[in-house]
Amino acid sequence: MQKTESYMRALRCRECGREYPLTATHVCEFDFGPLEVVYDYDLIQRRLTRAALASRPQTMWRYRELLPVVDEPTVGLQVGFTPLIKADRLARRLGIRELWIKNDAVNYPSLSFKDRVVSVALSRSRELGFDTVACASTGNLANSVAANAASAGLRAYVFIPSDLEQGKILNSLIYGARVIGIRGHYDEVNRLCAEIAGKFGWAFVNVNMRPYYAEGSKSMAFEIVEQLGWQVPKHTVVCMASGSLLTKIRKGYEEFLKLGLAPETEHRIHGAQATGCSPISTAHKAGLDFFKPVKPDTIAKSLAIGTPADGFYALKAIKETGGAAEDVTDDEIREGMRLLAECEGIFAETAGGVTVGVAKKLIAAGVIPAEDSAVLCITGNGLKTLDAVTGCVGQPREIKPSLREFEALVANEETVTA
Ligand SMILES: *Cc1c(COP(=O)(O)O)cnc(C)c1O
Ligand SMILES: [Zn+2]
């Protein structure tokens, strides 16, 4: 990899274009627009070539020039380069010619796509001299901050709604993070964290560090393009909470096109939400540019953000790429989880059920044409949301330790299925 060199130039307001120095700050002082990292693409184009990539380790950091750190990264060095799986059996079930699963349910170390954003945020936090990191989370972010902070020797405070799945709570506590359960929904957690961030001098990965943090999501897009043999897929289905991942998948594709790493092609980005928390898909379906905040009520707790910070930009990205947005009920989410598990052997969390359920709907409606190819972004692991499917997947059949009983069971099964 190239020697230490910064490819970042500034932070820039997405609304008015004013530029800011590369510090821990996230909103424009003039119009409160979100700040975004600006890069020197001419320099990057000379360094980030297919030839250079060939000899780099298979982690998200192989695209280091397009990730917002100045020095070599120090946290989450093993994150990313998750499998891209050709899902032929699921493709047949959903009625599409070709389907791929980008499987971040097995991301290292905390089994969700959040390891990508956290690895960037904590590496950058260290560069800026912070010793305490924090986040407002719907669960997976807390897990990832807790795990990555532990391995980096950073102090971590994670703030979550107190009614999260047991699996998500335990997966933060085990690492020794200070876990604060807030009696309220995510949007209230987030509001409190904005106040805390202003008062305590901590690096809040998705508050004052958000411009850097969010860039980590682009690595999912980079990997998809490289793993498809340097092609941007025609259709990508992405589930949405704040809408940040979706906007950054698009940015990732467009950076690779701009750098000449893949040929120009049409690439539609489709957004997926749970009906019980669907401010973005509802706005898109109504043809609106702005969403109306909602109070979440869904089993897809990782996506339960009623006031999505990047909702406006996600709507824009969906519209500008010619994509669609859809949402699915809790039952359809469970069905999506089962379909993915039964067809491909992948146990995704509820958010994955949202992505599969929405893909099924879009294919059935012809919005994603049957003769096309699509990539589904699977973002989290089912072992963390066992509560969601408990009681819906049948029970083991119990017998005595007797061959006769087993033979009777099989014989009975044969007559049932015959
Ligand atoms: C956080 C999260 C997302 C998407 O988050 P955005 O806020 O839209 O970037 C998707 N899936 C899972 C499992 C998540 O934890
Ligand atoms: Zn501005």
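This is a predicted model: local features need pLDDT of at least 70, side-chain atom pairs count only at pLDDT 80 or more; totals for chains, interfaces and linings use all residues.
Is Asp104 buried or exposed? Asp104 is buried, because its relative accessible area is 0%, and under 20% counts as buried. You will find Asp104 in the loop between β5 (98-103) and α4 (114-127). Now show what surrounds Asp104: beyond its neighbours within four places in sequence, the residues in contact with Asp104 are Thr82, Leu111, Ser112, Phe113, Arg116, Met220, Ile378 and Thr379.

Next stop: a sheet. Colour its four strands, which form an open sheet in the order β8-β7-β6-β9, with parallel pairing. At the edges stand β8 and β9 (203-204), each with a single partner strand, so one side of each has no neighbour in the sheet. In general, strands of a sheet pair through backbone hydrogen bonds, either parallel or antiparallel.

Now go through the pairs. Strand β6 (residues 132-136) is joined to β7 by five bridges, and the two run parallel; select Cys135 and you will see Val158 of β7 opposite. Strand β7 (residues 155-161) is in turn joined by five bridges to β8 (residues 178-182), again running parallel. Here, Tyr157 stands opposite Arg178 in β8. Follow the chain from β7 through helix α6 (residues 166-173) to β8, and you trace a right-handed β-α-β crossover.

Last stop: the surface. Select Ile399, Leu403, Phe406 and Val410, which form a nonpolar patch with about 350 Å² of accessible area together. Where is Phe406? Phe406 lies in helix α16 (residues 403-417). Phe406 counts as partly exposed because its relative accessibility is 42%, and partly exposed lies between the 20% limit for buried and the 50% limit for exposed.

Definitions and conventions. Residues are numbered from 1 along each chain as its sequence is written. Chains are lettered from A and ligands numbered from 1 in the order in which they are written. Side-chain values use heavy atoms; hydrogens and water are left out. Patches are made of residues with over 30% relative accessible area and no salt bridge: like charges are joined within 9 Å, nonpolar side chains (Val, Leu, Ile, Met, Phe, Trp, Tyr) within 5 Å. Accessible areas come from the Shrake-Rupley method with a 1.4 Å probe; for residues, only the protein chains shown count as cover. A salt bridge is a side-chain nitrogen of Lys or Arg within 4 Å of a carboxyl oxygen of Asp or Glu. Buried means under 20% relative accessible area, exposed over 50%, partly exposed in between (1.4 Å probe, protein chains only). Two strands pair if DSSP finds at least two bridges between them. A crossover is right-handed if, with the strands pointing away from the viewer, the path from the first strand over the helix to the second runs clockwise. Contact means heavy atoms within 4.5 Å.
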